[in-house]
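The chain is shown below.

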Amino acid sequence: MLSQWIHDGTILLEETVADWKQAVELCARPLLDSGTITPDYVTAIITQHQKLGPYYVLAPGLAMPHARPEEGAKGMGLSLLKLKQGVSFGAGEFDPVDVIVMLAAPDSHSHIEMISALAALFSSEEDLLQLHQAKSQEEIKTIISRF
């Protein structure tokens, strides 16, 4: 299920980034390029982070930045940024973050299956550990194909 969203065109691998903002902006690129989100969506994530803190850092090393559908989500989509060297999101014990999965959905209900598949991935300690250790798109796609 997740393979339809996370694939060669939506997986990015980078050595390092300057800060959490650059990580969010990089992760957004495939969704921006495909028209799934508008630049306003990225701005909304950054603004909310500055107001509320890193609300989308879900577990050690794992972030799922997202904003409200009306803030620039034109379609459903996921993108994944894997960093070789994690970056601080200001999330305390959950830092540094090295796996960033951006979620976009145009409404509050169409992405329920997508969220369920992500929840299954994120709750599998073994698969999540493999994702943190992944060094290539092929390794990431193999992990994603299980969900």
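Valine 24 is located in helix H1. The model is a predicted one. With a relative accessibility of 0%, valine 24 counts as buried, because the cut-off for burial is under 20% relative accessible area. Leaving aside neighbours within four places in sequence, valine 24 is in contact with Val42, Ile45, Ile46, Tyr56, Pro65, Phe89 and Met102.

A longer separation can also be given for this residue. Between valine 24 and leucine 129 there are 105 residues in sequence, and their C-alpha atoms are 21 Å apart in space.

## Packing of H1 against H2

Helix H1 comprises residues 20-33 and helix H2 residues 39-52; the two pack at an angle of about 155°, and their axes are 10 Å apart. H1 is therefore roughly antiparallel to H2, as angles over 145 degrees are classed in this way. The crossing of the two helices is right-handed.

On the H1 side, the contact involves Trp20, Lys21, Val24, Glu25, Ala28 and Leu32, which meet Pro39, Val42, Ile45, Ile46, His49 and Gln50 of H2. Sorted by class, the contact of H1 with H2 contains eight nonpolar, two polar and two charged residues.

## The nonpolar cores

The largest nonpolar core has 28 residues, of which Val24, Ile37, Tyr41, Tyr56, Phe89, Ile100 and Met102 touch the most other members. At least two residues of this core come from each of H1, H2, S4 and S5. The largest contribution to this core is that of H1, with seven residues.

Phenylalanine 89 touches Trp20, Ala23, Val24, His49, Pro54, Tyr56, Val57, Ala63, Asp95, Val97 and Ile100, when residues up to four places away in sequence are not counted.

The peptide bond that runs from aspartate 95 to proline 96 is cis, with omega near -5°. Proline 96 is found in the loop between strand S4 (77-87) and strand S5 (97-104). Aspartate 95 is also among the residues touched by phenylalanine 89.

## Packing of H3 against H4

Helix H3 (residues 112-123) packs with helix H4 (residues 125-133) at an angle of about 85°, and the axes are 5 Å apart. H3 is thus roughly perpendicular to H4, because angles of 65 to 115 degrees fall in that class.

The residues in this contact are Leu121, Phe122 and Ser123 from H3, together with Glu125, Asp127, Leu128 and Leu131 from H4. By class, the contact of H3 with H4 comprises four nonpolar, one polar and two charged residues.

## Isoleucine 144

Isoleucine 144 belongs to helix H5, which spans residues 137-144. Its relative accessible area is 0%, so isoleucine 144 is buried. Not counting residues up to four places away in sequence, isoleucine 144 touches Leu2, Ser3, Ile6, Leu80 and Leu121.

The C-alpha atoms of isoleucine 144 and glutamine 4 are separated by 9.7 Å, although the two residues are 140 residues apart along the chain.

Key
Residues numbered from 1 in each chain as written. Predicted model: local features only at pLDDT ≥ 70, side-chain atom pairs only at ≥ 80, totals over all residues. Heavy atoms only, no water. Helix = DSSP H or I, 4+ residues; strand = E, 2+ residues; numbered from the N terminus. Axes fitted to C-alpha atoms, helices over the stretch in contact; angles between N-to-C directions. Parallel < 35°, antiparallel > 145°, perpendicular 65-115°, else oblique. Left-handed = near helix turned anticlockwise from the far one by under 90°. Contact = heavy atoms within 4.5 Å. Nonpolar A, V, L, I, M, F, W, Y, C, P; charged D, E, K, R; others polar. Core = buried A, V, L, I, M, F, W, Y, C linked by side-chain atoms within 4.5 Å. Buried < 20%, exposed > 50% of the residue type's maximum accessible area, 1.4 Å probe, protein only.
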